[in-house]
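Dear colleague,

Please find below the structure that I am handing over to you. I would be grateful if you could read the notes that come after it alongside the model.

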Amino acid sequence: MNNSGISINQMQTPIGYKFDQITIHCSVVGMDYPTELEKKLTIQAADKVVYESEWQAATSLDFQPALDLAPRTRYVVHVSLRAADYTETKATYFETGLMDQRLGVHWIGSADASVHGLQLVKQVTIPRGIKQARLYISGLGLYETYIDGHKVGAEYLAPGFTNYNYYTQIATHDVTDLLTEAGVHTLTISLGDGWFRGKLGIKQHGGKMNQYGNALMAVAALCFTDEAGVEKVITTDATWKCMRSRISHSGIYYGEDLDETVSLTELPLAQFEQPAKYLFDRLSLPITTHEKLPVVKKIMTPSGTTVLDFGQNMAGWVTFTNRLPRGSKVALEYGEVLQDGELYRGNLRSARATFTYVSDGTTHRVRPHFTYFGFRYVKLIDFPKNINVTDFSAWALYSDMKSIGNITTNDPLVNRLFKNVLWGQKSNFLDVPTDCPQRDERLGWTGDAAIFAQTASYNMNTFSFNRKFMFDVAVEQSLHNGKVPLYCPAVDEHDGGKAVWSDVATIIPWVTYTRTGDLAVLKQNFGAMMSWVDWVHDYAKGTRNEFLWLDGDQLGDWLALDTEDILHLKGRTPDDLIASAYYYYSAKIVAQTAKLLQAKHESEYYELLANKIHDAFINEFFTGSGRLLTDTQTALALCLEFDLYPANTQQSLTGELVKRLEKDCNHLTTGFVGTPVLLPALSKNGQHELACQIFLNDDYPSWLYQVKHGATTIWERWNSIDSNGKIAENGMNSLNHYSTGAVMQWAYEQLIGIQPITPTQVTIQPGITAKFRQVAGRTELANGQVAVAWQIMNIQGDQIKVTLDIPYGATATVNLPRAKNWQIADRQYKNGTQLQPGHYEIMYTPTKAFVDQFTVYTPLSAYNQDKTLTTQLATLVPFWSFLTLPGNMQNFQAYSLLQLSHEMRGIGFPEMTPAQIDKINQLFAHVALANTKE
């Protein structure tokens, strides 16, 4: 065992963050762990011990020291562990920012609203032998900082995307290494419009300028300590120069225009009052560059232009080595897809999404600064025809979250799908969870974030990202009496108060807690969580039942395929059912949160409210005999997942969902609301094989249909591109929209079988199926990494291997399918045994072999050419003779026996009985097993 690292508030060596509380977590890894491990925490500041714990039993490896933090102070953290024959100490640090301190700084910039690119410049004299230097800075819209031409920090698009009128974030940078030489140094702050001032929003087509302000400005303080220990402070003030930038225009939708031949001209410097109500240390993770992708193909289009294919849809930008003569003007146009051999940009709507560049004639790397693009392809305009593709690279930009999860299988299409989900997340987690990274939108849509939150937390450590976004949500709620807008920051549209979307207020804080065990986001947002449920309750009081959410303006099951909507935007699941279900879900979350936070009165109140909503829901949407009044996939799955059904009707409700799927040819018809719950509802209710069948469909509509048609991210619509490769031109068609990638939660929990119960307790229940030969996956619990791999070892399906890694401080209850007992080494375990932390390799013989077989749910086309099988089926299926009539088999081969059984009643055939269905499935199993022995 060894200490693999220490995190501070789920971050590594954080500097300048808003530290409302400190949680220190230590991770250990090993094949096994000591039973009597002890831990100790020591914290130093300026070489003095400011906190020291006693040695204590390490039941967890977390510390929450009661520590009064001082501003602008580095704290060195030592975590010591000891057990018999083991002692280890590791160190890390964190550093506070300005906190409540203000250094007498002024906001400076240009009052000229026609200027869209600005540089603020200051010559500073640095003495010999400085001990340390820090730069505290913020800027509006976006800023980058340079010392003697060297970029400060590794982040881009600072200070992130917030409601700038309410709060703006200050970053802290350690710039000691850039100021080691005595003498004059040049400090430059470069500014562009960004989210603050550039076109943004959807209320006005193409966005609106100046959503938060119309002037570019910055505030900064450079603090350094000389060799005598005396601190000097240089702040933004009237002594700085204000220059017009070589970046003449930039915008999130626009792109950027960079002319490196332009001489910088001085502008009048203006001073400004603090533009935001609050200015405080950062919440945002830095947006940084990650994957660097080469050109995979250089394409000459039919029109004679050059297009570079980077092989992956993504968010970021392209950099290139400039080899152009001075004065040469070129452009890069970004897009997601080719149509008829040309770059297609129609789905970007009004987004210009272009980078233009005028060369200064020197060889250096060129990149955008104050924008980003959603793209796979880039069209080169006015570049030489003989360009070297190795000069071009694509860089992925996203918030700096640690990758913690992964799933692999023996199926390459499935593996590609999971990569697509992860790339969709990366492409849209840029400070806020956007809907898409390419068109004139790119806003923090709450519904997408809510339904994808659990998947996101399995793939990456989203704690800090969620904390910041949920602060944004709470800000908007404070301005709208508890109502949650459709996207946050709200920018230009204060519409909201819609089920699922607005329930982000409760869902993300709850997911963040259950995945990490850290109460910080629940504490931060508890008031906002209550205010959201209260807003719904207040609305409901004005309807006929205060315990239902009725007659609201809802988005419903957005982009579902069972639509009756004229615009084909939402499915036919009743809005009232979805809204009331989420009313219940949010009330229940708030009750659980109150209990955790020891708010007894609130816990009792919201638990009572949730119970009343539950009862009212059943009375409203179920008949007296327990039948749901609508039979959509979404409605049935949602009720099963939220436990919203009368007593003793779970099995019949599952049966109704199966019948609904039969009618839909065992293909999904769900939208934003139904897709995340459809497969879990099946797997948790004894229909795992059917869930896997739907998951593995590769014709339209399905997840793998996208993969087979070239998707490298998740599409906005099931048919974003049709079977002929044509993109749907409907004005709303992103090829990088992560929401339906929420299916990966099902894969983590039901296919791999990692099912967290509490932050430190997990059930391991692999969904072993012969539709896969092997599946492996990992993610993190509160205490460390949990990993599961299962493999069907032989073609007969009667030897199963399961490998487990359980982190220190966690326990795992292991339930293996078709097993009464299983074996680790020479020891037998009863199924359902709780295992302690460690590495385990389990072998067992299932009570029934895992053999892939046809069932009554399988389309006839899968087996109707097997003469031996169909001859036997003719003796069991009441209507088989009808299928053998000329033309009938071809007409009905897309349907399953169960589907046809229901339909054949209309022409006089009796419906198959449960006994007949069982005999048919037994025949399929017998044939499948026989095939494994050939």
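The model is predicted: local features need pLDDT of at least 70, side-chain atom pairs count only at pLDDT 80 or more, and totals for chains, interfaces and linings use all residues. Residues are numbered from 1 along each chain as its sequence is written, and side-chain values use heavy atoms, with hydrogens and water left out.

Helix packing

Two packed helices are described by the angle between their axes and the distance between the axes. Here axes are lines fitted to C-alpha atoms, for helices over the stretch in contact, with angles from 0 to 180 degrees between N-to-C directions. Helices (H or I, at least four residues) and strands (E, at least two) are DSSP runs, numbered from the N terminus.

Helix α5 (residues 504–516) and helix α6 (residues 520–540) have axes that come within 9 Å and cross at roughly 155°. The two are therefore roughly antiparallel to each other (angles under 35 degrees count as roughly parallel, over 145 as roughly antiparallel, 65 to 115 as roughly perpendicular and the rest as oblique). The crossing of α5 and α6 is left-handed, a term used if the near helix is turned anticlockwise from the far one by less than a right angle, whereas clockwise is right-handed. On the α5 side the contact (heavy atoms within 4.5 Å) is made by A505, T506, P509, W510, T512 and Y513, and on the α6 side by V521, L522, N525, M529, W532 and V533. These residues comprise nine nonpolar, three polar and no charged (Ala, Val, Leu, Ile, Met, Phe, Trp, Tyr, Cys and Pro count as nonpolar, Asp, Glu, Lys and Arg as charged, and the others, Gly among them, as polar).

Helix α6 also meets helix α7 (residues 575–596): their axes come within 10 Å and cross at roughly 145°, again in a left-handed crossing. Residues of α6 in this contact include F526, M530 and V536, and those of α7 include Y583, I589 and L596. The contact of α6 with α7 divides into 14 nonpolar, three polar and no charged residues.

Strands

Three strands form an open sheet in the order β1-β3-β7, with antiparallel pairing (two strands pair if DSSP finds at least two bridges between them). The edge strands, each pairing on one side only, are β1 (2–8) and β7 (62–63). Six bridges link β1 to β3 (residues 24–29), and V29 of β3 is the bridge partner of N2.

Backbone features

Most residues other than glycine have a negative phi, and most peptide bonds are trans. The bond joining L140 and G141 is cis, with omega about -5°, and G141 sits in the loop between β12 (132–140) and β13 (142–147). The bond from Y700 to P701 is also cis, with omega near -5°; P701 is in the loop between α12 (688–696) and α13 (703–708).

T13, which is not a glycine, has a positive phi of about 40° and lies in the loop between β1 and β2 (15–17). At 31% relative accessibility, T13 is partly exposed (buried means under 20% relative accessible area, exposed over 50%, partly exposed in between, with a 1.4 Å probe and protein chains only). R72, likewise not a glycine, has a positive phi of about 50°.

Yours sincerely
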